[in-house]
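The paragraphs below go through one protein model, from the overall fold to single residues. Please keep the sequence and the coordinates at hand.

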Amino acid sequence: GFITRLADQTGQDLFVLGDSYKNLYASAKQAGFATDEINKIFGSVVRTGSALKLSNEQVSLSLKAVEQMMNKGTISSEELKGQLAEQLPGAYGMMAKAAQDAGISVSGSTQELGKLLEQGKVGSAQVLPFFAKRMEEAFGKNANANINTISGSANRMKNELTLLVSALDDSKVTSFWASIQNGIANTMKDLTFSIKSGSWQE
């Protein structure tokens, strides 16, 4: 599905994305967003987070901020400056340009955006699709950057293992894979101990 593919492409945690999508989808649908728009906005935030090599938590908090914007119907300085821009560098400037793309802002400047936010004139349904487009243009081509980090590759491995285990119904096969996973876990535990104690350098 959409979330599985996105997690695989970006090296983000499957469960984190699944939970975030469920909540964001509910808020977006209530606000009148079409499924295609929801997927584009959600995907652009995740791909931007991946390009910037953000953690699972940072991506989750970014999506939570977007969810709140959709829920309220208008974008406030609190969600944009205090939440989204704290996690996604450049988000405030891109939102200013998105407001111009949507025909709400004349200049596309952050100063004008600040005034529009205060006046409650930045509608999430009007601006977020343009914001998603701006993010894709700026970061989309580097969306798989996170895959090559330790955390990103670990997420991918965990995701694939989760999908594999969920596909195994035979108890004997499940038991076999459980023993393999426990073996890997024990090896990692020993390796972590060796690194922390410095014995691996001896």
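Helices (H or I, at least four residues) and strands (E, at least two) are taken here as DSSP runs, numbered from the N terminus. By that rule the protein chain has ten helices and zero strands, and its pattern along the sequence reads α-α-α-α-α-α-α-α-α-α. This is a predicted model, in which local features need pLDDT of at least 70 and side-chain atom pairs count only at pLDDT 80 or more, while totals for chains, interfaces and linings use all residues. Residues are numbered from 1 along each chain as its sequence is written, and side-chain values use heavy atoms, with hydrogens and water left out.

The C-alpha trace of the protein chain spans about 60 × 45 × 25 Å along its principal axes. A contact means heavy atoms within 4.5 Å. Among contacts with a separation of 6 or more, 64% join residues 24 or more positions apart. The accessible surface, computed by the Shrake-Rupley method with a 1.4 Å probe and, for residues, with only the protein chains shown as cover, comes to about 11,000 Å², and 54% of it belongs to carbon and sulfur atoms.

Buried means under 20% relative accessible area, exposed over 50%, and partly exposed in between (1.4 Å probe, protein chains only). Of the 202 residues in the protein chain, 38% count as buried.

Ala 28, in helix α2 (residues 14-30), counts as buried because its relative accessibility is 0%. Leaving aside residues up to four places away in sequence, Ala 28 touches Phe 33, Ile 38 and Met 70. Ala 28 and Gln 68 are 40 residues apart in sequence, with a C-alpha to C-alpha distance of 9.4 Å.

The next helix to consider is α3 (residues 35-51), where Thr 48 is found. Thr 48 has a relative accessible area of 1% and is therefore buried. With residues up to four places away in sequence not counted, Thr 48 touches Leu 88, Met 135 and Phe 139.

Is Met 188 buried or partly exposed? Met 188 lies in helix α10 (residues 171-197), and its relative accessible area is 44%, so it is partly exposed. Together with Met 157 and Ile 184, Met 188 makes a nonpolar surface patch of about 290 Å². Patches are made of residues with over 30% relative accessible area and no salt bridge; like charges are joined within 9 Å, and nonpolar side chains (Val, Leu, Ile, Met, Phe, Trp, Tyr) within 5 Å. A salt bridge is a side-chain nitrogen of Lys or Arg within 4 Å of a carboxyl oxygen of Asp or Glu.
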